[in-house]
Amino acid sequence: MKKSFITVSALAVLLMASSCSKDLLDENPRSILVPSFLGTPEGVQAGLTGVYSGLRNVFGNEEAEYLSVQGTDEWMRGFAATQGYEDYNPSLINSTSSAVNNQWAIIYRYINDANGVIQYAASVQGLSPAVLKQTVAEAKLLRANYYFFLVQQFGDIPLSLRFVDAPTKDVVRAPTADVYTAIIADLTDTMNNIADKPAQPGRVTRATALHLLAKVYLTRATSKAKQGDDYVNALKYSSELITNKSRYGVDLEADAATVFAEGNENGKEVLMNVQFNQDAVFSGQNAFDPTGANQTNFFFRSRYDLLPNMVRDVANGRPYGRFCPTPFLLDSYILPGETDKQLRTTDTRYNKWFTTVWRVNSPGNNGGTAFNPKATVGDTAAWYPGRELSAVELARIAARPGGRFVVGPPSKYTPNFSPVLNKYDDMTRTAVNNPSDRPLIVYRLAETYLIAAEASMYTSNLAQAVIYLNAVRERAGAPGKKALMDVSPTQVTIDFILDERSRELAGEQMRWFDLARTGKLVERVKKYVPAFVASKPSPIGTDNYGSNAAVNIKDFHVLRPIPQSEIDRTSGKVTQNPGYN
């Protein structure tokens, strides 16, 4: 096997094709994408496979996660944050940032792959009309999704709908309105030509198109390209998917714990995911070359391996520590009236999606012999109770027959020691430092309900908004307490919906987009991200905590800096966003 590359245009397109195979998403590298190859059945299928493969660098990739997770009201500086997005560091967030430069280049590379498939498919001989129609529809949906990611991040961007196979500097930023028009056109055409259900896991469908179209309209509604019927259309397409969910074979899982259960990544709630595998060539299973890898199981880890009687292992993950949960996120699962041991017992999502207990896996390690010489494998090593414990409770733990364990109440949370998101845990990885090969969920039906709720609110139908919200909230309710999760029309505001999106979608590469599109980014970062504190008491010693995000964030941070490499390649025709250098 071989890999060959060509570099074309100011969009820095790198093209890699793969041969036809029984499974479209099982890649077998073969050649480069050129017009003559794209005009063959093999070339069209190879091109589409390439378009899908790009998703591995846009979802689950470290730099893509920086741009969507960090610097929000949910996640702040972790113990190993590196690029400044966590605290809007002005010396790091600029036109030379590797995150924006790499994501820009990666996405345009795969947009060009999609352009090639769409443009040359019509000339292909040997593919049935049905296969050709489906192939083009999938390519258009994926192209729309890539452009949607870009326009939210950068605003006005170069818009290319033709395959580029030669270098050019003739590139300019198209108005945001034109980009949204192209996205909506692709998705509308897709809906008329794509299958209702996936032919195999990872393939996009009409359900994907409906969800994405609703999300695009919802997002455009607050952009400078907004149209008067955007909310109406967002409701139209989200409600169409919900009403006809049986047609598409999708539904909400009965239990929130099932949504991210290992092995259920292609479950009934999933509308789109990214397929990963253990092939080092395509999925970055080299632990120190994470290109194309699913690293989500690393980013949210705390330093459990510093706890007494603990050591790093496969089951507990590799602690990258890029993200630390804010108090707002952890407390958002508390219902009014809950106190003490009742905290977070009605809304079950916290206890299902966050790890708060660590189990001994190496008695005696990290000073464990002195701390608790009675420790045995499987016993409690640390507990983050989510509340402050009384002196009586602490004394009881210190005197327990099996020996004491570390207790971390909220007053001692730090990036090294706090509850961690477990949605992406992978206990079957091939080595301690290796990334995950689990498929990564991108869109799911619970978000469709939340989109429909928000669109209903903005179209003055609060009663309908409540129905959509309560469907998601009741699913999360503890047995016998589901009615307590219900909300009334008077509670429905954009802030409540943002809170609910946080509770349901935490860590799913959506939060920065949500806050930017609703105009709430600066407000909520200033309100909910605690200030930086050095040497804060933690469960073990002291630690730094908090962030300078509230101090550093500015209004212009609702857009990202345009990569300097793109400005240079176009001799300044592509211009910079305000506020950046």
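The model is predicted, so local features need pLDDT of at least 70 and side-chain atom pairs count only at pLDDT 80 or more, while totals for chains, interfaces and linings use all residues. Residues are numbered from 1 along each chain as its sequence is written, and side-chain values use heavy atoms, with hydrogens and water left out.

**Exercise 1. Confidence**

State the average pLDDT of the chain and identify stretches where pLDDT is under 50.

Solution. Begin with the term: pLDDT is the predictor's confidence in each residue, from 0 to 100. The chain average is 91, and 92% of the residues score at least 70. Next, take residues 1-22, where pLDDT stays under 50 and the model has 82 contacts beyond four places in sequence; a contact means heavy atoms within 4.5 Å. Residues 26-31 also have a pLDDT below 50, with 25 contacts in the model beyond near neighbours in sequence.

**Exercise 2. The largest cavity**

Describe the volume of the largest cavity, the elements that supply its lining and the composition of that lining.

Solution. A cavity is a set of points, on a 1 Å grid over the protein atoms alone, where a 1.4 Å probe fits but cannot get out; lining residues have an atom within 4 Å of a point. Grid points are joined across faces, edges and corners, and a volume is the space filled by probe spheres set on the points.

1. The structure holds six cavities of 30 Å³ or more.
2. The largest cavity has a volume of about 210 Å³.
3. Its lining comprises 20 residues, of which Phe59, Lys215, Tyr443, Gln509 and Met510 are the closest to the centre.
4. At least two lining residues come from each of helix H5 (129-154), helix H7 (206-220), strand S11 (440-444) and helix H20 (511-517). Helices (H or I, at least four residues) and strands (E, at least two) are DSSP runs, numbered from the N terminus.
5. By class, the lining has ten nonpolar, four polar and six charged residues. Here Ala, Val, Leu, Ile, Met, Phe, Trp, Tyr, Cys and Pro count as nonpolar, Asp, Glu, Lys and Arg as charged, and the others, Gly among them, as polar.

**Exercise 3. Helices H5 and H17**

Compare the end-to-end span with the expected span for H5 and for H17, and explain why H5 is described as largely enclosed.

Solution. The expected span of a helix is 1.5 Å times one less than its number of residues. H5, with 26 residues, reaches 37 Å from its first C-alpha to its last, close to the expected 38 Å. For H17 (residues 445-458), the 14 residues should span 20 Å, and the end C-alpha atoms are 20 Å apart, which agrees.

Burial comes next: buried means under 20% relative accessible area, exposed over 50%, and partly exposed in between (1.4 Å probe, protein chains only). In H5, 22 of the 26 residues are buried, so the helix is largely enclosed by the rest of the structure. H17 is likewise largely enclosed, because 13 of its 14 residues are buried.

Finally, inspect what follows each helix. Just after H5, glycine 155 takes a positive phi of about 75°. H17 is followed by serine 460, with a positive phi near 65°.

**Exercise 4. Surroundings of single residues**

Determine the location, accessibility and contacts of asparagine 266 and glutamate 62.

Solution. Asparagine 266 lies in the loop between helix H10 (256-259) and strand S4 (270-274) and is partly exposed, at 41% relative accessible area. Leaving aside neighbours within four places in sequence, asparagine 266 contacts Pro201, Gly202, Asn273, Gln275 and Pro439.

Glutamate 62 belongs to helix H3 (residues 62-68) and is buried, with a relative accessible area of 14%. Not counting residues up to four places away in sequence, glutamate 62 touches Thr82, Gln295, Phe299, Tyr320 and Arg322.

Terms used
1 Å grid on protein atoms, 1.4 Å probe; cavity = no way out; pocket = protein on both sides within 12 Å on 5 of 7 lines; lining within 4 Å.
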